[in-house]
Each structure stands twice: as C-alpha cells, then as structure tokens.
Amino acid sequence: MQNLLPPELVALATKVIDENRKLGRRIAVAESCTGGLVAAALTEIAGSSDVFECGFNTYSNSAKQKMLGVSDDLLETFGAVSIAVAWEMARGALNKSDCDVAIAITGVAGPGGGSEKKPVGTVVFAKAEKDKDPEDVVADRKNFGAELSRADIRLQAVLVALELLLPDSAE
C-alpha cells in the first residue's frame with residue numbers, strides 16, 4: 001500500500017493511533033506552522049477515527065482567538081510563537097473537542113518571519129490532558145535551525161508533535 005506521507009511519519013502516526021486506541025483515548029490537535037500536517041499524518045492511518053477526533057488549523061492569530069479562545073493579551077504580550085500561546089491553544093483544543101488529550105504547535109517555519117528572539121526554525125509545542133491540573137503546563141520550545149528548509153522544519157515539528165501524543169509510559 002502506498003502512503004502520501006514520508007514513511008517515518010506514517011510509522012510514528014501508526015504507533016500514536018495504536019497506543020492511544022489501547023487506552024481508549026481521543027485526540028485533538030491545534031496546528032499553526034504545520035498547517036494540518038499532524039492531522040494528515042494521523043488520518044493517513046486506516047481506522048484512525050477510533051482515536052483522532054479533530055484538528056484546528058489556526059494559522060492566523062485571528063483563527064487562534066476565534067477557534068481556540070487564545071486571548072488577545074497573550075498574543076500581544078508573548079507573540080504567537082510562545083509557550084503561553086501554545087499552552088492556551090492546547091487547552092482550547094481540549095475544551096472545544098472534549099477529547100482526552102490535545103497538542104498544539106506554533107512556530108516560524110521560514111524562510112522569512114523570524115526575529116532575533118524567535119529565529120526561523122523556532123517551534124513551540126504544548127500538550128493538555130483531560131483531568132490533569134491546568135496549572136501544570138506541559139510545553140517545550142525547540143529551535144530546528146534556520147539552515148533547514150521550510151519543509152524540513154515542518155517535518156521535524158510534526159515528528160515532535162506525534163511523539164507528544166504518545167501516552168506516557170506511566171499510564
């Protein structure tokens with residue numbers, strides 16, 4: 001069977017679907033710089049509807065506000081590519097979907113748009129889980145490097161996001 005996406009994405013997405021299915025967990029994703037690629041990777045897997053509920057493709061700040069409830073204050077204070085905004089995106093996706101786990105991705109894939117504080121290749125991730133303390137922020141910022149192409153930065157971001165969707169080994 002031929003897949004649309006690279007083999008490493010399909011393999012990791014398969015693992016995410018299988019492991020979350022075993023736990024009966026439903027997933028939502030909120031994407032910005034990846035433009036729906038995490039959702040595409042998950043839905044590349046036959047039977048993913050057992051696990052994958054929905055994706056919010058919130059590329060603009062306006063979409064982040066309208067669809068996920070990201071506050072204007074956070075966007076103005078920290079910018080779209082920040083742990084604060086990624087966390088609010090993940091919490092918003094969790095609340096709007098009523099899923100068990102949601103992740104968010106926001107970043108600067110380039111080739112333009114970077115700054116000294118947030119250079120091209122900067123991507124921020126967050127994970128929110130139902131019944132976990134909302135004060136316990138699970139987020140990370142990575143810099144994949146401006147030397148990578150836009151496609152490579154986005155691929156690396158999707159791989160990290162999929163890893164975040166794997167259940168913790170303690171569960």
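In this predicted model, arginine 21 is partly exposed, with a relative accessibility of 32%. Its salt-bridge partner is aspartate 18, and the closest N and O atoms of the two are 3.2 Å apart. Aspartate 18 is likewise partly exposed, at a relative accessible area of 33%. Both residues belong to helix H1, where a spacing of three residues places them about one turn of the helix apart.

The whole structure contains nine salt bridges, among them the following.

| Salt bridge | N to O distance |
|---|---|
| Arginine 21 and aspartate 18 | 3.2 Å |
| Lysine 130 and aspartate 98 | 3.8 Å |
| Glutamate 129 and lysine 127 | 4.0 Å |

A salt bridge joins the side chains of lysine 130 and aspartate 98. Lysine 130 sits in the loop between strand S4 (122-129) and strand S5 (139-143), and aspartate 98 in the loop between helix H5 (83-97) and strand S3 (101-107), so the pair ties together parts that are 32 residues apart in sequence. Aspartate 98 is exposed, with 57% relative accessibility, whereas lysine 130 is partly exposed at 36%.

Glutamate 129 and lysine 127 are both buried. These two residues also take part in a network of salt bridges that includes Arg25, Lys132 and Asp168.

Helix H1 (residues 7-23) also packs against helix H6 (residues 150-164): their axes come within 9 Å and cross at roughly 15°. H1 is therefore roughly parallel to H6, and the crossing is left-handed. On the H1 side the contact involves Glu8, Leu9, Leu12, Ala13 and Val16, which meet Leu155, Val158, Leu159, Leu162 and Glu163 in H6. Of these contact residues, eight are nonpolar, two are charged and none is polar.

Conventions
Residues are numbered from 1 along each chain as its sequence is written. This is a predicted model: local features need pLDDT of at least 70, side-chain atom pairs count only at pLDDT 80 or more; totals for chains, interfaces and linings use all residues. Side-chain values use heavy atoms; hydrogens and water are left out. Axes are lines fitted to C-alpha atoms, for helices over the stretch in contact, and angles run from 0 to 180 degrees between N-to-C directions. Helices (H or I, at least four residues) and strands (E, at least two) are DSSP runs, numbered from the N terminus. Angles under 35 degrees count as roughly parallel, over 145 as roughly antiparallel, 65 to 115 as roughly perpendicular and the rest as oblique. A crossing is left-handed if the near helix is turned anticlockwise from the far one by less than a right angle, and right-handed if clockwise. Contact means heavy atoms within 4.5 Å. Ala, Val, Leu, Ile, Met, Phe, Trp, Tyr, Cys and Pro count as nonpolar, Asp, Glu, Lys and Arg as charged, and the others, Gly among them, as polar. Buried means under 20% relative accessible area, exposed over 50%, partly exposed in between (1.4 Å probe, protein chains only).
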